[in-house]
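Please look over the model shown below before reading my numbered points.

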Amino acid sequence: MELDAGFLSRLQFGITIAFHYLFPPLSIGLGVLLVIFEGLYLKTGNKTYELLTKFWIKIFAITFGMGVASGIVMEFQFGTNWSRYSRYVGDIFGSALAAEGVFAFFLESGFLAVLVFGWNRVSPRMHFFSTCMVSLGSIFSAIWIIVANSWQQTPAGFHVVDGPNGLRAEITDFWAVVFSPSSMIRLAHVISGALILGAFVVMSIGAYYILKNVHADFAKRGFAIALFVALFASLSQPFLGHYHAIVVAKHQPAKLAAFEAVYETTDRAPLYLWGFPDDASKSVKGSVAIPGMLSWLVHGDANATIPGLNEFSKDERPPVAVPFYSYHVMVALGMYFIALTLIGAILYFAKRLFGLRWLMWIFVFSVIGPYLANQLGWIAAEVGRQPWAVHGLLRTDEAFSVSVAGGDVLASIIIFSILYAILLALYIYVLDRRIKAGPGVFEGPEETGPYMPEAIPPYLEASPEGGKG
C-alpha cells in the first residue's frame, strides 16, 4: 500500500505543533504573573509574594525548557518534510525567525539564568529586571512567530521571483510583512489566550492547596491575583475575537464561511451558537442560531451579505466540520471563562470565594479549558486556511517534500509520538512533585536559603557588600 506522504507530513507537523503549543502560552502567561508577583514583593516586602515568585519561577523554567526543545523539532521539519514550502517562504520566514533569535531568544536565554539562579546573588532590582526581560522575551518570541504565521494567512510586503529552483517569495517591505493585515490582532488574541492559560494554572494549583488546607496565604494571594488577570483577559477576548473575525472576513472569506458553515452566499447571515454542519445538504442540522448576527458582527449591518463557500471553486474550499466545531467550542470556552471569573470576582469581594469547596474543585479542573481553547484556536486557524499553505500563493499539496517517502514519514510519526508521550509524562511527573512539595520545601541550593520561610534573609535589607538582595 502506498502511503500519502503529503497527508502524513501534515499529520506529523500537526502533532508536533500541538505538543509544542502546550508550553509557549503557559510561559507567556506565567512570565507576566511572575512580574506581578515579584513587583508586589519589591513594593510591599511581603514574604508570601516572595514565595509565590520563587515557586512559579521553578514551574516557568521547566515549561520554558520544554517549549524550546519541542520547538526545535518543529523547525527541523521545515527542511525535512516541507522543503518546497521552505524554498518558497525562506526569505520571509528566515527574516522572522532570525528576528526571533536576536530579539527574543537571546533576551530570554541571557536573563533566564539570573531569573532561576540569581536570587540572593544579584540585587533585588536586578533580579526583577531579569524577570521583566524574560517575560518580555517570551512575548517577543510570540510576536515573531505570529508575524511569520500571519504572513501565511494574509501575505504582504513581497513579490514572487522565478529562481533556479522555482518560484519563491522575496521581501520588498519588511515592515509590511511585520504588520500584515492579520498580524497585530492575531498577536493580541494569542497573548490574551496565554494570559488566561497562565492565570488558570495558578488558580488551579491555588484551589488545590485551599482544598487540602495547606499553604493557605500563599494559595489565596496567588489565586486572587490570577483571578483578576484571567477576568481582564477573558473580557478582552470577545472584542479581540470580533475584530479578528472582521479581518478574516475581509482577507480570507472562505475561512469565515467554514467557521460559520455558510454554504451559500447569504443576506442576513445567522450566527450559529451550535449545530451540526452537513456538507451533503449544505445546511447546519439541529442548529441554534441568531438570525442576522453574523452579518451584523462582520459588517455592522444585520442585512449585509456574507459570501458562502459556493463563491469559491471546489478545490479552493476549506473543510467545514473541523473549523466549525473547533471554532465554536473555542468560543463557548471563552464564554465559560468569562462567567467563571466573573462569579469568582463577585464572591471574592463578598469574602465567600475560598469557603466554597465545590467552586474550588471547579477551578482545579477548569485548567483543562484554556489548554483546549488554545489548541482549538490554532486548529481552526490552520485547517480553515486550507487548501493553502500560503493563502492564494502556495497550495499545501505543492509544499511538502516529494523526496520523502510516506513510510519514512509514518516511522518518524511513531517515533516522535512515543518521545512526546514520554516527555509529557515526565513534565507532568515533575510538575506533580513540585506542586505536592509546595512552596518552601524544594530541594536544591535554595533549600537552606530563601525558600525556607524561617531562613529567608531580609531580601530588601541585605548588605550590599554581600552582593545579596
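**Notes on the predicted model**

1. Helix α11 is followed by Lys351, a residue whose phi is positive, near 60°. Helices here are DSSP runs of H or I with at least four residues, strands are runs of E with at least two, and both are numbered from the N terminus. This is a predicted model, in which local features need pLDDT of at least 70 and side-chain atom pairs count only at pLDDT 80 or more, while totals for chains, interfaces and linings use all residues. Residues are numbered from 1 along each chain as its sequence is written, and side-chain values use heavy atoms, with hydrogens and water left out.

2. The expected span is taken as 1.5 Å times one less than the number of residues in the helix.

3. Within helix α11 (residues 321-349) sits Thr341, which is buried because its relative accessible area is 0%. Buried means under 20% relative accessible area, exposed means over 50%, and partly exposed lies in between, with a 1.4 Å probe and protein chains only. Not counting residues up to four places away in sequence, Thr341 touches Phe200, Leu227, Ala230, Leu231 and Ser234, where contact means heavy atoms within 4.5 Å. One of these, Leu227, is 114 residues from Thr341 in sequence, yet their C-alpha atoms are 6.4 Å apart in space.

4. The side chain of Thr341 also reaches the backbone oxygen of Phe337, at 2.6 Å. A polar contact of this kind is a pair of N or O atoms within 3.5 Å; within protein, one must be able to donate a hydrogen and the other to accept it, and residues adjacent in sequence count only if both atoms are side-chain atoms.

5. Turning to helix α1 (residues 5-20), its 16 residues should span 22 Å at 1.5 Å a residue, and its end C-alpha atoms are 22 Å apart, which agrees. At the start of α1, a side-chain oxygen of Asp4 comes to within 3.0 Å of the backbone nitrogen of Gly6. The buried residues of α1 include Ala5, Gly6, Leu8, Phe13, Ile17 and Phe19, and what covers the buried residues of this helix includes α2 (24-44), α3 (47-80), α13 (368-385) and α14 (406-437).

6. How many salt bridges does the structure hold? There are eight, a salt bridge being a side-chain nitrogen of Lys or Arg within 4 Å of a carboxyl oxygen of Asp or Glu. One of them joins the side chains of Glu50 and Lys54, at 2.9 Å from N to O, and both Glu50 and Lys54 are buried. Glu50 and Lys54 are separated by about one helical turn because they are four residues apart in helix α3.

7. Another salt bridge links Lys285 with Asp278, the closest N and O atoms being 3.6 Å apart. Lys285 counts as partly exposed, at 47% relative accessibility, and Asp278 also counts as partly exposed, at 22%.

8. The side chains of Asp397 and Arg395 meet in a further salt bridge, at 3.5 Å from N to O. Asp397 is partly exposed, with a relative accessible area of 45%, whereas Arg395 is buried, with a relative accessible area of 17%. Elsewhere, salt bridges that share partners join Lys47, Glu50 and Lys54 into one network.

9. The axes of helix α7 (residues 183-212) and helix α12 (residues 357-365) come within 8 Å and cross at roughly 145°; axes are lines fitted to C-alpha atoms, for helices over the stretch in contact, and angles run from 0 to 180 degrees between N-to-C directions. Residues making the contact include Met203, Ala207 and Tyr208 of α7 and Met360, Trp361 and Phe363 of α12.

10. Gln386 lies in the loop between α13 and β7 (388-390) and is buried, with a relative accessible area of 12%. Its side chain reaches the backbone oxygen of Glu382 at 3.2 Å, and the side chain of Gln386 also makes a polar contact with the side chain of Thr396, at 2.7 Å. Leaving aside neighbours within four places in sequence, Gln386 is in contact with Arg10, Arg317, Pro318, Pro319 and Thr396.
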